[in-house]
Amino acid sequence: MARDIDRKFRLTAAVLGVATHKDLAAAFRRINPATPFDVDRAYKWLQGRAQPRERQIYEDWSKVLGLDRPGQWIADCDAEAFLDEVCVRHGRDREDLLHHLEESASRRNKSGSVELAGTFVCYSHAWSPYFRGRLIRSELTVGVESSPDRLPVSYTEVLPTGALALKGAMFVSKRGLHIQVGDVAGDTQVITFSLFPAAPPASVLGGLMFGTTLISPDAQPSVTRIVLVRLPAANPRLRSIDAYLPRQGSVAEDLAQFGLHVGDARAVDLRLAEFLNGSSDGFDQIPVSAYRALADLFDRDWLTLARRPGSLRVIAGGA
């Protein structure tokens, strides 16, 4: 078992003067383009929730810092010995480096970006009229960016028509989390999330999701409650199975297949159902007939006005 990995990685970032997981990964790639160090796992290493298993990472680590030590020494030493070695090698003051480390930790705690990075499996009410009354499962991956209040995200649904893959950003504020994702071209789908503020360990997020129907004869504006549950690790199965859950299916059982430990399956299903359904059905979609009736009413009045002398010129000029 390697020792104090999270603290030693943070000390490394402080010595190198980098602020994000991406910057740290770039430092490793400069030493070894084929390094097994990757951003997706790094957030767990810096949180102390996991540690690198590949020997090569420790060998690359020694080279990144220019240490005259084998990679195994980095794995085995404690944080104090590591700090002393790094300070001697780079001519850094021990207390100054520790102070820099504390400031970085304080910024991370305020921003919450470390707690939010990861993979979430999402459950919401299906918007498509062909799957009315069923829950739909999706994947939301939150990355880490240099700006603590703006994090990159990707959103995926495995639909009968093919995978829907959207990208965007999560905006972090004291009053909540806001996400907007869309396709690269910007002409297929745009989805917006408004979520409750997150607090460590951010094991679950919840709120509302807004957008328009995709598998439907009409593009209907829709809103649904949504729950996002953090997974212990990314699971490729999420991008290979049908997004729609069976009617009356257990969400707790669904979560278990993605590697999440569920202590009380009955309580999980009950609480999720209470949140997603609320006092009604947790879903709102404006009927096309209601909008068409409204448009028909106002269009007639508008066209009547347009036929009056002097009105056409005003309308044309407005266009």
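A cavity here is a set of grid points where a 1.4 Å probe fits but cannot get out, and a residue lines it if one of its atoms lies within 4 Å of a point. The model on screen is predicted.

**Stop 1: the second largest cavity**

Select R137, S138, E139, T156, V158, L238, R239, I241 and A243; these residues line the second largest cavity. Strand 2 provides the largest share, 3 residues. By class, the lining of the second largest cavity divides into 4 nonpolar, 2 polar and 3 charged residues.

**Stop 2: the largest cavity**

The structure holds 2 cavities of 30 Å³ or more. Move to the largest cavity, which contains about 160 Å³ of space. To centre the view, pick W127, I136, E157, L214 and Y244, the closest to its centre of the 17 residues that line it. Then show strand 1 (118-125), strand 3 (150-159) and strand 7 (204-212), each giving two or more residues to the lining of the largest cavity. How do the residues of this lining divide into nonpolar, polar and charged? There are 10 nonpolar, 6 polar and 1 charged.

**Stop 3: the second largest pocket**

Next, select V39, D40, R41, Y43 and T119. Of the 30 residues that line the second largest pocket, these are the closest to its centre. The pocket has a volume of about 660 Å³. Which element gives the largest share of its lining? Helix 3 does, with 6 residues. To see the surrounding elements, display helix 3 (39-47), strand 1, strand 2, strand 3 and strand 4 (162-173), each of which supplies at least two lining residues. Colouring the lining of the second largest pocket by class gives 13 nonpolar, 8 polar and 9 charged residues.

**Stop 4: helix 2 against helix 4**

Finish with helix 2 (residues 21-31) and helix 4 (residues 55-64), whose axes are 9 Å apart and which pack at an angle of about 90°. Helix 2 is therefore roughly perpendicular to helix 4, as angles of 65 to 115 degrees count as such. For the contact itself, show side chains on both helices. From helix 2, select A27, F28 and I31; from helix 4, the residues they meet are I57, D60, W61, K63 and V64. The residues of this contact comprise 6 nonpolar, no polar and 2 charged.

How values were computed: Residues are numbered from 1 along each chain as its sequence is written. This is a predicted model: local features need pLDDT of at least 70, side-chain atom pairs count only at pLDDT 80 or more; totals for chains, interfaces and linings use all residues. Side-chain values use heavy atoms; hydrogens and water are left out. Axes are lines fitted to C-alpha atoms, for helices over the stretch in contact, and angles run from 0 to 180 degrees between N-to-C directions. Helices (H or I, at least four residues) and strands (E, at least two) are DSSP runs, numbered from the N terminus. Angles under 35 degrees count as roughly parallel, over 145 as roughly antiparallel, 65 to 115 as roughly perpendicular and the rest as oblique. Contact means heavy atoms within 4.5 Å. Ala, Val, Leu, Ile, Met, Phe, Trp, Tyr, Cys and Pro count as nonpolar, Asp, Glu, Lys and Arg as charged, and the others, Gly among them, as polar. On a 1 Å grid over the protein atoms alone, a cavity is a set of points where a 1.4 Å probe fits but cannot get out, and a pocket is an open set with protein on both sides within 12 Å along at least five of seven lines; lining residues have an atom within 4 Å of a point. Grid points are joined across faces, edges and corners, and a volume is the space filled by probe spheres set on the points.
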